[in-house]
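Have the viewer open and follow along.

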Amino acid sequence: MAKILYIDDEISALKAISAILKKEGYTVLTATSAEEGIEILKNSSVDCLLLDYRLPKMDGIDLLKWLRQSEISIPTIMLTAYGTIEKAVEAMKLGAHHYLVKPVDTQLLLNVLKEAIEKSKGNQKIEDIKSPFPEIIGKSKAMQEVFYIMQMVAESNANVLITGESGTGKELVARAIHNNSLRKSKPFVIVDCTTIPENLLESELFGHEKGAFTGASERKTGLIEIANEGTVFLDEIGELPMFLQKKLLRFLQEKEIQRIGSTQRIKVDVRVISATNRDLEKAVQEGSFREDLYWRLNVVRINLPPLRERKEDIPLLVNHFLNKFSKENNKPIPQLEPEVMELLLSYDWPGNIRELANVMERAVVLSPSGLISIKHLPRRIQEKTGWVAKNESSLNLLELEKSLIIKALNTTGWNQTKAAEILGISRKQLRTKMKHHGLLPKSEDE
Ligand SMILES: Nc1ncnc2c1ncn2[C@@H]1O[C@H](COP(=O)(O)OP(=O)(O)OP(=O)(O)O)[C@@H](O)[C@H]1O
Ligand SMILES: [Mg+2]
């Protein structure tokens with residue numbers, strides 16, 4: 001069974017967690033300081049390191065740095081208290097495998113330990129690692145980084161700023177953070193700063209008393225108050241007018257709101273996740289966004305890269321959307337003709353994942369036979385990739401040719417020599433055409 005070194009200066013935690021691990025059959029070594037831990041690491045090999053961040057002299061981060069300098073690679077799980085998110089981020093950058101918030105949930109710890117040890121042994125295939133956020137599709141390095149940060153912040157109360165182009169999944173990520181937080185059973189309230197008219201935004205956010213202004217015939221509870229104990233998602237925060245920026249800042253500092261027309265201060269406990277597709281740093285420089293508010297919102301930053309920078313996620317997303325939309329439309333899951341995927345991979349996706357989702361939905365609906373071909377893609381995609389120019393005139397002929405080749409191959413059990421005979425061309429010509437139509441098996445495709 002695996003050997004774990006657990007370093008923590010808090011004796012009660014040390015005892016309790018060691019006991020749990022031993023009961024699970026692990027061999028547990030303990031140390032109460034980083035220095036003591038280093039002595040152990042010098043003399044024996046361990047399979048996993050469980051490391052408290054706050055330690056008397058050298059802290060957890062220092063120890064990670066020491067490991068790195070010494071070129072010792074041990075999967076490390078950091079334990080931290082609330083309020084040290086930045087440190088946790090630093091720890092992950094230094095190669096920590098995972099980060100858990102104290103007091104630690106026992107089952108979570110055991111799962112993470114098992115995963116860390118398996119992974120270090122190289123026993124685990126990427127496919128086997130269960131995504132912590134199954135509704136968010138993506139395997140690319142960029143998305144794995146996003147998942148890491150999401151996991152780290154989910155359980156904390158840190159404010160999160162999500163940036164990324166339109167359609168990259170900002171709202172999806174915000175919701176997932178809420179759903180994986182301790183606030184998950186409380187409201188997730190969305191405030192879209194662009195769709196609410198400016199003159200209404202203040203009372204939408206903070207509420208008002210009856211008679212506070214003309215038209216305020218009833219008392220109204222603001223969205224921030226409604227989100228109490230939950231999360232408020234401020235979408236397109238870059239559009240928030242100056243006077244509301246000031247008011248929002250005051251709320252973030254004091255954790256109190258005042259309804260319009262009221263002198264009463266109401267305590268509100270909400271976590272703020274904001275999102276923008278604008279360059280907020282630039283807005284700060286230009287003076288249209290308050291710098292102090294920017295720093296309050298931007299405790300942890302999650303940047304969602306555009307789809308064109310993580311094209312390796314496209315096939316996964318395509319599959320995901322084919323499944324989703326065929327289910328929604330009561331259709332069998334369609335197949336893609338090989339050149340369709342090629343085209344999808346060469347397109348730039350200015351509308352990112354939202355655009356890809358729309359394209360796949362349209363294709364599912366338009367393809368009657370359960371086979372999606374290029375003609376089921378919107379013309380802008382065909383055009384953008386130069387496909388139309390190349391193929392417009394010969395499209396139908398090419399399709400005809402392809403279907404003839406497939407027919408010939410099917411009749412001959414994919415015997416290329418016989419199929420070529422049927423078609424009246426040489427085997428070499430047939431192979432050239434098969435390659436062109438994406439019909440050659442990958443292994444033969446030189
Ligand atoms: N990684 C992903 N996996 C699966 N679906 C995704 C992913 N990213 C985004 N989507 C889907 O794409 C659509 C757009 O996502 P979302 O609304 O979160 O984007 P956004 O960044 O908020 O866009 P905007 O800036 O235009 O508001 C949604 O339907 C969402 O579910
Ligand atoms: Mg959005």
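Aspartate 52 sits opposite leucine 79 of strand 4. Keep in mind that this is a predicted model. Aspartate 52 itself belongs to strand 3, and UniProt, in an unreviewed entry, puts the feature "modified residue: 4-aspartylphosphate" at Asp52.

Is aspartate 52 buried or exposed? The cut-off for buried is under 20% relative accessible area, so aspartate 52, at 6%, counts as buried. Leaving out neighbours within four places in sequence, aspartate 52 is in contact with Ile7, Asp8, Asp9, Gly60, Leu79 and Lys102.

Strand 1 runs parallel to strand 3 and is joined to it by four bridges; leucine 5, for instance, has leucine 49 in strand 3 as its bridge partner. Strand 3 and strand 4 pair in the parallel sense too, again over four bridges.

Now zoom out. What is the strand order of the open sheet? Its five strands come in the order 2-1-3-4-5, with parallel pairing. Strand 2 (27-31) and strand 5 (98-101) are the edge strands, each pairing on one side only. From one strand to the next, the twist averages 20°.

Over at strand 5, the pairing with strand 4 (residues 76-80) is parallel and uses four bridges. Threonine 80 has valine 101 in strand 5 as its bridge partner. Helix 1 (residues 11-23) touches strand 1 (3-7), strand 2 and strand 3 (48-52), and its direction makes about 165° with that of strand 2. Helix 3 (residues 60-69) touches strand 1, strand 3 and strand 4, with its direction at about 150° to that of strand 3.

Threonine 30 is in strand 2. With a relative accessible area of 35%, threonine 30 is partly exposed. Not counting residues up to four places away in sequence, threonine 30 touches Leu5, Tyr6, Leu14, Ser18, Glu36 and Ile40. For a sense of scale, threonine 30 and glycine 60 are 30 residues apart in sequence and 14 Å apart in space, C-alpha to C-alpha.

## The annotated domain, 136-365

Further along, an unreviewed UniProt entry lists residues 136-365 as "domain: Sigma-54 factor interaction". Over residues 136-365, the chain is 44% helix and 16% strand, and the end C-alpha atoms are 23 Å apart. Serine 156 is in the loop between helix 6 (141-154) and strand 6 (160-164). At 4% relative accessibility, serine 156 counts as buried, and its side chain reaches the backbone nitrogen of alanine 158 at 3.1 Å.

Tryptophan 349, in the loop between helix 14 (338-346) and helix 15 (352-366), has a phi near 55°, a positive value in a residue other than glycine. Tryptophan 349 is buried, with a relative accessible area of 0%. Asparagine 352, placed in helix 15, also has a positive phi near 55°, and at 0% relative accessibility asparagine 352 counts as buried.

Last stop: helix 20 (residues 427-436), whose buried residues are Leu430, Arg431 and Met434. Why do these buried residues line one face of the helix? Looking down the axis of helix 20, they fall within an arc of 100°, so they line one face. The general rule behind such spacing is that an α-helix has 3.6 residues a turn, so residues three or four places apart point the same way.

On the other side of helix 20, Lys428, Thr432 and His436 are exposed. Just after helix 20 comes glycine 438, which takes a positive phi of about 70°.

How values were computed
Residues numbered from 1 in each chain as written. Chains lettered and ligands numbered in written order. Predicted model: local features only at pLDDT ≥ 70, side-chain atom pairs only at ≥ 80, totals over all residues. Heavy atoms only, no water. UniProt positions renumbered as here; feature names shortened; annotations may be inferred. Helix = DSSP H or I, 4+ residues; strand = E, 2+ residues; numbered from the N terminus. Pairing = 2+ DSSP bridges. Axes fitted to C-alpha atoms, helices over the stretch in contact; angles between N-to-C directions. Contact = heavy atoms within 4.5 Å. Buried < 20%, exposed > 50% of the residue type's maximum accessible area, 1.4 Å probe, protein only. Arc of directions from axis to C-beta. Polar contact = N/O pair within 3.5 Å; in protein donor to acceptor, adjacent residues only side chain to side chain.
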